[in-house]
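Hello,

Here is the structure I promised to hand over. Please look through it first; my notes follow below.

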Amino acid sequence: MPLGTWLTAGTSAAALVLALAGPATAATAPAGTPSAAQATVTLRYDDSRAAGWESAIAAGVASWNANVTNVRLVEAAPGAVAEIVIVATTGWPQATLGPVRPGRQVRVELGSQAVDQGYDKTRIAAHELGHSLGLPDTKPGPCSQLMSGSSAGTACTNATPNATERSRVQAAYASAVAALVPAGGRTLVDAP
């Protein structure tokens, strides 16, 4: 069959199939609802073994929730499985490098050794949560970089991710395809 006849036949067949199928019934999201590509990923955290860090964790979570739009950190219900397990330790703070995905799990250790040396608890908590969300350390770095960690010094109390850090987390959770990418899995220890 010549190409022109084939194209005409193919177009006619496609039109027939569409006509027989009836009107499209694609589901549309209600106004104000994010599309699948912009859907918010909810990650649960369990801080039941982080006694003494509760307010710092709450402030660190609030900072991330206020600064990224497609990831939401929520406290896990008692007994529920959490993606981010937070524990208090006596060593240096450390965390598994993410980005953690729903149904997977990372660990954050909030070490008192850093607090004993004068580092801010809320900055520590927000910084370690940043690792869970896929951000590596940016040492040495200024106080304006949350992920500069201990290299910013004990006077630094900034617990807010900067524009670059926010952008990297947004990109890591940008689509359903990204949700299939496994976490980094390395443990990062935040000693000076």
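Helices here are DSSP runs of H or I with at least four residues, numbered from the N terminus. This is a predicted model, where local features need pLDDT of at least 70, side-chain atom pairs count only at pLDDT 80 or more, and totals for chains, interfaces and linings use all residues. Residues are numbered from 1 along each chain as its sequence is written, and side-chain values use heavy atoms, with hydrogens and water left out.

Start with serine 167. Serine 167 sits in helix 5 (residues 163–172). Its relative accessible area is 44%, so serine 167 is partly exposed (buried is under 20%, exposed over 50%, partly exposed in between; 1.4 Å probe, protein chains only). Valine 68 is 99 residues away from serine 167 in sequence, yet 8.1 Å away in space, C-alpha to C-alpha.

Now helix 4 (residues 121–132). Of its 12 residues, 10 are buried, so helix 4 is largely enclosed by the rest of the structure. Among the buried ones are Ile124, Leu129 and Ser132. Just after helix 4, glycine 134 has a positive phi of about 110°.

Which helix packs against helix 4 at about 50°? Helix 2 (residues 54–67) does, with the axes 8 Å apart (axes are lines fitted to C-alpha atoms over the stretch in contact, and angles run from 0 to 180 degrees between N-to-C directions). The contact (heavy atoms within 4.5 Å) involves residues including Ala56 and Trp64 of helix 2, and Ala125 and Leu129 of helix 4.

Best wishes

Conventions. Helices (H or I, at least four residues) and strands (E, at least two) are DSSP runs, numbered from the N terminus. The expected span of a helix is 1.5 Å times one less than its number of residues.
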